[in-house]
Every structure is written in C-alpha cells, then in structure tokens.
Amino acid sequence: MIFRKKVRYVMVEASENVSLGDSVKQEMLKSGMKAFLGELPFFKANPQVAAQLSDRVFVVSVNRGYERNIALALSFVKELDGRRMGFYTIRTSGTIRSIKDAFGELY
Amino acid sequence: MQFFDLVNFHEVPESLAARLGYKKIFQTGKDAEVFEKTVVSGGKGVVRSDSQEAITKGLRQSNVIGVIPKGISAGREVLDEVKENEKMLIIPLSEVTCSDGTSRVQSMAKMRRLVKSVLMAKVPFALVSFASSSECLMAGLQMIEVAGFLGIEPPRAKEALGRLGELL
C-alpha cells in the first residue's frame, strides 16, 4: 500500500527578491512563523519550503488542515535575513503541479 | 464576492492587486483623501484623527465615507456618530501585523477591544490593510485570517472587505 503524504501547497510571494535555496534562510523563515504560531502548532503544521518558482515566488508545503495557520503566520513575518519584507499567500492547492500551472497563468 | 483594499503608499501595480485577490487597491492621495484635521470638500476620503471634534465635524461631510481610528481606539461617542451619520468605521489591519515586539502585543489587544466594541455596537465597518509600504500589504486570504484572529467571523470579514468598493 502506498501512503500519500497529506499535505497542501501554498504559493507565497515575497515583496522583495528572496532566495530560499539554502537551509539557513529556510530556517529563518520557519523561525519567524514559529515565533508567531508557537512550537506545538508549528510542528503540527510542519511547513517546509517545497520549491522556488522565481526570484520572489516560492511554495510552502504544509500538513493538511493547517494552511490557514500558515497564511496567518506569514502575515506577521516582516523580516528575513535582516531585510524588511512581506509575504503574500497567493494560492493554496493540493498538488504542486496545479500550483505551477497557476504560477504560469499569474506571472 | 469582490474585495477591495486601501493603502497609504503609491505605486501598487494592478497585476499585484489581482494576484492578491483584490478587484482594486485604492491609494490615499489618488483614489481617496485622508483628512487629519479639517475636511476639504471635493474628492471622497476618510477622517483619521484622535480628536473627537475633528471626527464629529468630518463625519457630517458628504464626501467623507468613514473614519479610521487613530491609535486603534474609538470611544462610544465616535461609534455613535458613525452609526448616526450612516458612515463606516475603517479598521486598518496593518497596524497589528506591521508592528513589532511589545507594540505588536499591545496593538493586538487594542484591536481586539476595538473589534469587540464595533461588533457589539453593530456599527458598519470595512477592513483595509492601510499599509504604508509594500511589506505591510496582505492578500485577501490573509486579511480574512487576521480578521478571524481578531474575532471577526469569515462571512463578516468577507463582507467587510468588499464594502469599500461600494463607496469609493
């Protein structure tokens, strides 16, 4: 039997160019979310950077049912790597393919 | 349902508004005026003051659509004036999301108190970001979540996000 990970994908746009390729910056973003959500809800949501689609757009995977918490947490994250920036949640979907399709349509 | 936002800075690209889920993002100085002390007749606008007198005077003008409470608080008199003059209270959510540290906790508490009194007094209200820079902007979805966090149920939040379009 194949167990599928029950995750949702959230397309996020940053107000400034951001490169989340290295794990240090990913951890910075996650700690910003954790500071707002608290440890337990953060670990339940388990947000992970799944893909970077452009200089400003990336995809966060999150456990199903917690995508709204992530949208809320990202509203309060205003700094990354010492730079002021905001994060906007553009689209939420169940597959990364549909997120990529939406990215193609929107940008 | 169509959403609208009001921001306090210029140069918001139209494509960004669509991506964030808004039909239009109104800009102060361009689409709406912000009257701090005296209301000037002409274009439509909002009153933003902590002086009761300025708010009362402003709300009686026909080109004023509502009031943005300065310092995230509005007394009973202000709420009554808004209701009486059939205007609306405009709640700026970026004052909560864009503040830091201790001031964020304080502004959250103040905003929850304001929301509670607005809902109890049944005053018509609109939700806007009133962002002063691009990092303080939020998507429509985020606005609904922040509103929910402050005690506004999603159906009411959605209604409040669309209200600005009817008046501006």
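Let's start with one residue: leaving aside residues up to four places away in sequence, I70(A) touches V10(A), M33(A), A45(A), P47(A), V60(A) and V62(A). By touching, or being in contact, I mean that the C-beta atoms of two residues, placed from the backbone, lie within 7 Å.

A word on what you are looking at. This is a predicted model, where local features need pLDDT of at least 70 and side-chain atom pairs count only at pLDDT 80 or more, while totals for chains, interfaces and linings use all residues. Residues are numbered from 1 along each chain as its sequence is written, and chains are lettered from A and ligands numbered from 1 in the order in which they are written.

Back to I70(A). Where does I70(A) belong in the largest nonpolar core? That core has 84 residues, and I70(A) is listed with V12(A), V67(B), L89(B), I90(B) and L127(B) as having the most contacts inside it. A nonpolar core here is a set of buried Ala, Val, Leu, Ile, Met, Phe, Trp, Tyr and Cys residues joined through C-beta atoms within 7 Å. Buried means that 20 or more other C-beta atoms lie within 10 Å of a residue's own, with C-beta atoms placed from the backbone. In chain A, 38% of the 107 residues are buried.

Now chain A as a whole. Chain A has four helices and six strands, in the order β-α-α-β-β-α-β-β-β-α from the N terminus. Those are DSSP runs, numbered from the N terminus: H or I of at least four residues for helices, E of at least two for strands. Among contacts in chain A with a separation of 6 or more, 67% join residues 24 or more positions apart.

Next, where the chains meet.

Finally, a pair of helices in chain B. Two packed helices are described by the angle between their axes and the distance between the axes. Helix α2 (residues 52–59) and helix α3 (residues 76–84) of chain B pack at about 5°, with axes 10 Å apart. The axes are lines fitted to C-alpha atoms, for helices over the stretch in contact, and angles run from 0 to 180 degrees between N-to-C directions. So α2(B) is roughly parallel to α3(B), a label for angles under 35 degrees. Q52(B), I55(B), T56(B) and L59(B) meet E77(B), V78(B), E81(B) and V82(B) there.

Terms used: Angles under 35 degrees count as roughly parallel, over 145 as roughly antiparallel, 65 to 115 as roughly perpendicular and the rest as oblique. A residue is buried if 20 or more other C-beta atoms lie within 10 Å of its own, exposed if 12 or fewer, and partly exposed in between; C-beta atoms are placed from the backbone.
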